[in-house]
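Visitor: Hi, I have a new model to look through. Can you take me around it?

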Amino acid sequence: MYSRIAGTGSYLPEKIVTNFDLEKRMDTTDEWIRTRTGIERRHIAAEGQTTVDLAEAAARRAIEAAGVTPAEVDFIVFGTTTPDLVFPNCGTLLQARLGARGCPAFSVETACSGFIYALSIADKFVKSGEAKCALVVGAETLSRITNWKDRNTAVLFGDGAGAVILKPSAEPGLMSTHLHSDGAYKDLLYVDSGVSKGFKVDAATGKVDVGIKMAGSEVFKVAVTKLGSAVDEALAANGLERSAVNWLVPHQANIRIIGAMAKRLELPMERVIVTVQDHGNTSTASVPLALDVGVRDGRVKRGDLLLLEAFGGGFTWGSALVRF
Ligand code: ACO
């Protein structure tokens, strides 16, 4: 028994903020952002629009694409670092909206690799026969924890959501997932506040400061090394050559990291789904968003071999090799 992606969906908030818009708000330039990151614009959630709002739209599209009904969903796993509430978790908030009552629904919080973690968990439940129609979501409103005065991080992030439905299948399907983390890297990328540790208040504005702290170039180096190993690991575990991969669907943090992974796979950039220019880094949402873009514009076809990978705060990272 395998699990197979039966449908994909995504949603982006309407408001678009370009690099030129950011030039007016902080000491940065379109040229700096584009050449260092590949980002040109990002979507930002409207006031009052939450992570679960974005997720619901993405989930309904995935459910429709899979040809199932919301009531058939019997397992929900939701990757996010920017939950609506402390509790209930975003999985159950989404469950109530979909009317898929009674099934397990929960969230995983592993920053940008959250969707890969969620996919790996759902795969195990579908493979074991415990779930027959699993909804896997990655959704974020990172703009809510962005310090708009910090040009080092504010230019990088965006909001959005992506989702897939996993169903049982006699054929692969998900061929493998590999998950990793190393908490010793915490200081390179973190948010220095939380419910238990407490929140700092910005003396000038009186607002809570939950800004992202990142040692960008160090994160970059570790990401390239760890993701490179993850790519090799996924292929070796399946006894496959690099040439077997039809599409790389990477985490969209930086075009230079994406390019390094394409090189590692000896894949031309035409075989990589790249959305970073339009979405920025949407953390947990980035891989399912990119997958849905590739599926809906017709590039990703049934039977293609996809390599999904992501890297994020923790550090956490992982891969999924998928026969679509
Ligand atoms: N506009 C203009 N100048 C800037 C900006 C900006 N927005 N941001 C930083 N700079 C300046 C810096 O102050 C520095 O100036 P200095 O040399 O005078 O000190 C200079 O640009 C160079 O900064 P670097 O950090 O060396 O730039 P780098 O080439 O490393 O690019 C970047 C920075 C884009 C952040 C890159 O390191 C990166 O993408 N890192 C990885 C990010 C990532 O993958 N994160 C993981 C996932 S995120 C998550 O999990 C939530």
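Visitor: What covers the buried residues of α2?
Guide: The cover includes α1 (19-25), β3 (41-44), α8 and α9 (276-279). Contact here means heavy atoms within 4.5 Å. Helices (H or I, at least four residues) and strands (E, at least two) are DSSP runs, numbered from the N terminus.

Visitor: Is this an experiment or a prediction? And how do the numbers work?
Guide: This is a predicted model: local features need pLDDT of at least 70, side-chain atom pairs count only at pLDDT 80 or more, and totals for chains, interfaces and linings use all residues. Residues are numbered from 1 along each chain as its sequence is written, and side-chain values use heavy atoms, with hydrogens and water left out.

Visitor: Back to α2. Which residues there are buried?
Guide: Asp 30, Ile 33 and Thr 37 are the buried residues of α2. They sit on the same side of α2, because they cover an arc of only 80° around the axis. That arc is taken from the directions from the helix axis to the C-beta atoms. Buried means under 20% relative accessible area, exposed means over 50%, and partly exposed is in between (1.4 Å probe, protein chains only).

Visitor: What does Arg 34 touch?
Guide: Leaving out residues up to four places away in sequence, Arg 34 touches Asn 19, Ile 39 and Glu 40. Asn 19 is 15 residues apart from Arg 34 along the chain, and their C-alpha atoms are separated by 8.3 Å.

Visitor: What comes just after α2?
Guide: Gly 38, which takes a positive phi of about 85°.

Visitor: Which residues other than glycine have a positive phi?
Guide: Glu 266 has a phi near 55°, and Ser 283 has one of about 55°. Most residues other than glycine have a negative phi, and most peptide bonds are trans.

Visitor: Where is Glu 266?
Guide: Glu 266 lies in the loop between α8 and α9. This residue is exposed, with a relative accessible area of 61%.

Visitor: And Ser 283, buried or exposed?
Guide: Buried, at 2% relative accessibility. Ser 283 is in the loop between α9 and α10 (286-296).

Visitor: You brought up peptide bonds. Which ones are cis?
Guide: Another is the bond from Gly 314 to Phe 315, with omega near -10°. Pro 88 is in the loop between β4 (75-79) and α4 (90-98). Phe 315 is in the loop between β14 and β15 (316-323).

Visitor: New topic, the ligand. How many residues surround it?
Guide: 25 residues surround the ligand. A residue is near a molecule if one of its heavy atoms lies within 4 Å of it. The closest are Thr 28, Arg 36, Cys 112, Arg 151 and Asn 254.

Visitor: Which element gives the largest share of that shell?
Guide: α7 does, with four residues. Elements that each supply at least two residues include α2 (30-37), α6 (151-154) and β14 (305-312).

Visitor: How much of the ligand does the protein cover?
Guide: The protein covers 73% of the 1000 Å² of accessible area that the ligand has on its own. Accessible areas come from the Shrake-Rupley method with a 1.4 Å probe; for residues, only the protein chains shown count as cover.

Visitor: Last one. Where is Leu 235?
Guide: Leu 235 lies in helix α7. This leucine is buried, with a relative accessible area of 4%. Its contacts include Leu 240, Val 245 and Leu 265, not counting residues up to four places away in sequence. Leu 235 and Leu 321 are 86 residues apart along the chain, yet their C-alpha atoms are separated by 7.9 Å.
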